[in-house]
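Hi everyone, thanks for making time this morning.

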Amino acid sequence: MNLFEKHKDILNKSIEALHQRGFFAAYPEHPSPKVYGETADEDGRKKFQGSMGKKFEELQQGDAESWIGVEESPYLQEALNIQYPAYSVDTLIENAKQAFHQWRKIDVEDRAGILIESLERIKDRFFEIAYATMHTTGQGYMMAFQASGPHAADRALEAVAAGYEELKRFPSGVIWDKPMGKYNIKLDKEWRAVPKGIGLVIGCSTFPTWNSVPGIYASLITGNPVLVKPHPGAVLPIAIFVAEIQKVLVENNLAPNICQLAVDSYDKMISKDLAEHKDVKVIDFTGNSEFGSYLEKLEGKAVFTEKTGVNSAIIDSVDDVDKVAANLAFSLTLYSGQMCTAPQNFYIPKDGINTPNGKVSFDEFAQKLVDNINGLVDNPKAGPFVLGTIQNKRTCDRVDEAKKIGGKVWLESRSIENPMFKNARISTPVLIEVDATDKEKFSKELFGPIGLLIKTNDTDHSIALAKEMALNHGAISCGAYTNDPDVKEKIADEMALAATPVSFNLVGGIYMNQNAGFSDFHVTGGNPAGNASFTNPEYVVKRFTWVGHREPAKV
């Protein structure tokens with residue numbers, strides 16, 4: 001059985017899920033021994049620990065020109081000392097050019113089978129990837145397992161399914177028969193989906209796989225070779241993905257350089273050199289707006305970006321104010337506010353929030369947020385694991401500087417101790433009250449656990465400000481709480497015009513931070529927070545071109 005036949009069922013289910021938009025997960029998100037094996041966790045931890053201080057020699061892309069590794073664990077605040085094979089830009093490009101002409105000739109069924117097989121192999125390494133993610137990004141264990149393993153694999157599979165469907169949308173050939181009265185004109189027509197060329201995926205430091213694999217697999221399924229340029233501080237999780245892709249390629253007599261790892265260091269980064277190279281035709285990027293906007297302006301390239309944004313929470317009226325405060329407190333605290341979907345601006349009317357028991361004042365709600373955050377971070381069984389650690393020390397500095405923004409400081413950031421990692425880099429959330437007239441204070445992303453409580457005239461004012469921030473500065477998510485149907489529709493309509501999805505009235509175990517593969521489009525591409533959305537059809541169709549040929553039919 002070839003790999004396409006082996007994985008045809010999961011591919012068909014994935015395509016069906018794309019259309020139905022209901023719950024579908026090919027890879028279970030719970031790290032259960034019953035699912036992954038009794039020793040999978042321990043084996044993964046030992047495998048990660050065994051990689052520290054060594055060369056990563058799993059890649060098959062040729063003899064290294066040098067070895068590079070600058071990763072540091074935010075939990076240990078010590079270097080991992082893992083070295084990765086490094087290559088010049090010219091070498092990477094030349095290898096990719098040679099691989100391109102082999103990979104583009106492989107039919108889409110075989111590509112799909114190979115790529116899904118790689119995900120099945122990666123499934124066996126989810127725990128190792130989890131520990132690698134913990135000790136490069138600072139995520140807590142559960143998030144590191146889910147986001148870098150099952151959720152990332154689901155997003156990769158989603159891209160494969162979307163690409164496969166688009167490549168199969170039109171027939172590869174037909175006999176075109178045009179009646180002309182006494183005779184017919186018959187042409188033999190064929191269409192080829194021609195890949196754009198070399199793809200470049202530039203990763204980020206906080207979600208090295210979840211944000212990268214959609215672009216990697218979208219380019220690969222559409223026939224493009226890929227250069228994976230990870231953030232220097234978070235290489236190992238995505239290096240494991242690349243290694244498994246290469247292994248499957250080689251087993252199927254294909255060049256491993258169809259997918260290459262392109263590492264660099266902080267003092268000699270190669271992102272711009274790769275991006276500007278004439279042979280790079282497709283670019284995927286997650287990161288800051290300045291670099292993302294620069295990439296978007298490069299000519300002759302299909303560029304897909306996820307950049308920074310200002311995410312809002314609009315509080316109008318609630319059924320249970322304590323549950324709402326708990327949900328928002330968790331949303332801000334989760335991974336120390338380092339998720340691109342985390343809330344930052346909390347818009348609260350100056351006259352308070354309507355509840356079944358009467359008004360809850362601005363100050364009362366602010367205090368409830370404070371109490372819930374403190375209750376969470378001071379819980380030794382929850383706080384350290386929800387917070388994780390701060391990936392970049394500059395984020396800690398930004399949190400410390402936040403109290404100088406001006407306005408009442410409702411909650412100061414502090415450090416707590418992680419019982420398992422005494423040297424973990426931790427900053428708890430800071431909450432600051434800001435007047436709605438001080439727009440310059442809340443009209444940019446303040447990355448990290450920083451919450452701004454903005455006192456507005458009323459809910460209409462809150463909506464207008466949230467929309468303005470999204471239109472002018474971008475937004476990836478928005479939370480809203482209201483039990484008034486008319487207000488709900490106004491929020492939905494106004495934020496839709498700002499290309500920002502809204503999560504309404506979330507309480508309990510679901511948060512505005514979370515996006516589900518096969519159901520939630522991640523980023524819309526309609527505001528300054530990014531120009532692309534995975535995974536919609538546009539995310540894959542721009543990676544190839546339909547070219548038609550025709551000749552008189554031989555009939």
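This is a predicted model: local features need pLDDT of at least 70, side-chain atom pairs count only at pLDDT 80 or more; totals for chains, interfaces and linings use all residues.

**Aromatic pairs, sheets and a core**

Residues are numbered from 1 along each chain as its sequence is written, and side-chain values use heavy atoms, with hydrogens and water left out.

Back to the rings. A search of the whole structure finds 21 aromatic pairs. By pair I mean rings of Phe, Tyr and Trp (its six-membered ring) with centres within 6.5 Å; planes under 30 degrees apart count as stacked, over 60 as edge-to-face and the rest as tilted. What kind of pair do the rings of Phe 56 and Tyr 84 make? Their centres are 5.7 Å apart and their planes stand at 40°, so this pair is tilted. Phe 56 sits in the loop between helix 3 (40–51) and strand 1 (66–68), while Tyr 84 belongs to strand 4 (residues 84–86), so the pair ties together parts that are 28 residues apart in sequence. Helices (H or I, at least four residues) and strands (E, at least two) are DSSP runs, numbered from the N terminus. Phe 56 and Tyr 84 are both buried.

Now for Tyr 347 and Phe 442: with ring centres 6.2 Å apart and planes at 80°, the pair counts as edge-to-face, because of that angle. This pair links distant parts of the chain, with Tyr 347 in strand 13 (residues 345–349) and Phe 442 in helix 17 (residues 439–442), 95 residues apart. There is also an aromatic cluster, formed by Tyr 27, Tyr 36, Phe 126, Phe 127 and Phe 145.

Five strands form an open sheet in the order 9-8-7-10-11, with parallel pairing; two strands pair if DSSP finds at least two bridges between them. Strand 9 (259–261) and strand 11 (302–306) stand at the edges with a single partner strand each, so one side of each has no neighbour in the sheet. Direction ignored, neighbouring strands of this sheet are turned by 15° against each other on average. Strand 10 (residues 280–286) pairs with strand 11 in the parallel sense over five bridges, and Ile 283 has Val 303 as its bridge partner in strand 11.

Helix 4 (residues 89–103) packs on this sheet, touching strand 7 (198–202), strand 8 (226–229), strand 9 and strand 10, and its direction makes about 165° with that of strand 9. Contact here means heavy atoms within 4.5 Å; axes are lines fitted to C-alpha atoms, for helices over the stretch in contact, and angles run from 0 to 180 degrees between N-to-C directions. Helix 10 (residues 236–251) lies across strand 8 and strand 9, running at about 145° to strand 9.

A second open sheet has three strands in the order 5-6-21, paired antiparallel. Its twist averages 30° from one strand to the next.

Finally, the core. Which residues of the largest nonpolar core touch the most other members? Of its 128 residues, they are Ile 216, Tyr 217, Leu 261, Ile 315 and Phe 365. A nonpolar core is a set of buried Ala, Val, Leu, Ile, Met, Phe, Trp, Tyr and Cys residues joined through side-chain atoms within 4.5 Å. Apart from this core lies another, of 27 residues, including Val 434 and Met 469.

Let me finish on Ile 216, which is placed in helix 9 (residues 213–221). Ile 216 counts as buried because its relative accessibility is 1%. Leaving out residues up to four places away in sequence, Ile 216 touches Val 201, Val 226, Val 228, Ile 238, Ile 245 and Cys 259. The C-alpha atoms of Ile 216 and Val 228 are separated by 7.5 Å, with the two residues twelve apart along the chain.

How values were computed:
Buried means under 20% relative accessible area, exposed over 50%, partly exposed in between (1.4 Å probe, protein chains only).
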